[in-house]
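Subject: Structure handover and findings

Hello,

I am passing a structure on to you, with notes on what was found in it. Please look through the structure before reading the notes.

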Amino acid sequence: MKIKGILLFGTIFSLSLSAYGDGLISINKKAEYHDEELIASNIVKECNNLGYQFSSSTKKFLGKHGFASSLDPELNIQSDGYSLKLTILNAYSGRYFSGGHQKSVSIGAELYKNGELIDNFKTTRNSNGGLFYKFKSSCSVLERCVNTLGNDVAKWISRNHKI
């Protein structure tokens with residue numbers, strides 16, 4: 001009986017995946033910096049999860065908007081189906097005289113279908129650190145920015161594309 005249950009589950013699972021067809025969006029697992037020389041070296045060295053956070057946040061919010069997606073360590077934009085290439089264009093980490101955060105992240109997203117660029121999107125998010133800003137690290141505030149940017153990318157795809 002267990003084997004039949006496992007086979008039934010496997011069949012249902014594979015059918016549910018095939019129902020997405022080419023609607024599955026493949027996302028680069030880590031959004032790379034467009035040009036590391038534009039980013040302050042302390043951000044590059046200390047905030048090494050920023051690119052991963054942006055990609056996983058985008059995947060999470062795409063799911064909330066009804067899109068199936070996967071994180072791909074070696075994204076191939078020339079492959080069949082949809083590919084989403086995420087890039088961190090710029091990141092800034094400063095402080096106000098009062099000690100408050102002054103952070104900013106700019107991103108780019110390129111949506112490909114069967115290797116052809118069909119649309120792109122760029123935006124920026126800023127943060128002062130929010131409540132209890134004095135107790136937050138610079139990296140955690142930048143990660144909050146890319147988390148919100150992941151939602152922005154998902155909304156952009158949701159509003160503009162039938163996948």
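The notes below go from the whole chain to single residues.

This is a predicted model, in which local features need pLDDT of at least 70 and side-chain atom pairs count only at pLDDT 80 or more, while totals for chains, interfaces and linings use all residues. Residues are numbered from 1 along each chain as its sequence is written, and side-chain values use heavy atoms, with hydrogens and water left out.

Overall layout

The protein chain has four helices and six strands. Their order along the sequence is α-β-β-α-α-β-β-β-β-α. Helices (H or I, at least four residues) and strands (E, at least two) are DSSP runs, numbered from the N terminus. Of the 163 residues in the chain, 36% are buried. Buried means under 20% relative accessible area, exposed means over 50%, and partly exposed is in between, with a 1.4 Å probe and protein chains only. Contacts, meaning heavy atoms within 4.5 Å, reach across the sequence: among those with a separation of 6 or more, 67% are between residues 24 or more positions apart.

Helices α3 and α4

Two packed helices are described by the angle between their axes and the distance between the axes. For α3 (residues 50-64) and α4, the angle is about 40° and the axes are 8 Å apart. Axes are lines fitted to C-alpha atoms, for helices over the stretch in contact, and angles run from 0 to 180 degrees between N-to-C directions. The angle makes α3 oblique to α4; under 35 degrees counts as roughly parallel, over 145 as roughly antiparallel, 65 to 115 as roughly perpendicular and the rest as oblique. Residues on the α3 side of the contact include Leu50, Phe54, Phe61 and Leu62, and those on the α4 side include Leu142, Val146, Val153 and Ile157. Sorted by class, the contact has 10 nonpolar, six polar and two charged residues. In this sorting Ala, Val, Leu, Ile, Met, Phe, Trp, Tyr, Cys and Pro are nonpolar, Asp, Glu, Lys and Arg are charged, and the others, Gly among them, are polar.

A search of the whole structure for aromatic pairs finds one. The rings of Phe121 and Trp156 have centres 5.2 Å apart and planes at 15°, so the pair is stacked. Rings of Phe, Tyr and Trp (its six-membered ring) pair if their centres lie within 6.5 Å; planes under 30 degrees apart are stacked, over 60 edge-to-face and the rest tilted. Phe121 belongs to strand β6 (residues 116-127) and Trp156 to helix α4 (residues 138-160), so the pair links distant parts of the chain, 35 residues apart. Phe121 is buried at 18% relative accessibility, and Trp156 is buried at 4%.

Asp152 is also in helix α4 and is buried, at 9% relative accessibility. Apart from neighbours within four places in sequence, Asp152 is in contact with Phe121, Thr123 and Arg125. Arg125, in strand β6, is partly exposed at 34%. With neighbours within four places left aside, the contacts of Arg125 include Lys103, Cys145, Leu149 and Asp152.

Other strands

Ser106 lies in strand β5 and is buried at 16% relative accessibility. Leaving out neighbours within four places, Ser106 is in contact with residues including Ile88, Asn90, Thr123 and Thr124.

Asn28 is in strand β1 (residues 25-28) and is buried, with a relative accessible area of 9%. Among the residues Asn28 touches, not counting those up to four places away, are Ser55, Leu71, Leu84 and Leu86. Asn28 and Glu74 are 46 residues apart along the chain, and their C-alpha atoms are separated by 6.8 Å.

Tyr82, in strand β4 (residues 82-95), has a relative accessible area of 7% and is buried.

A backbone point

Most residues other than glycine have a negative phi. Asn114 is not a glycine, yet its phi is positive, at about 50°. Asn114 sits in the loop between β5 (101-113) and β6 and is partly exposed, at 43% relative accessibility.

Regards
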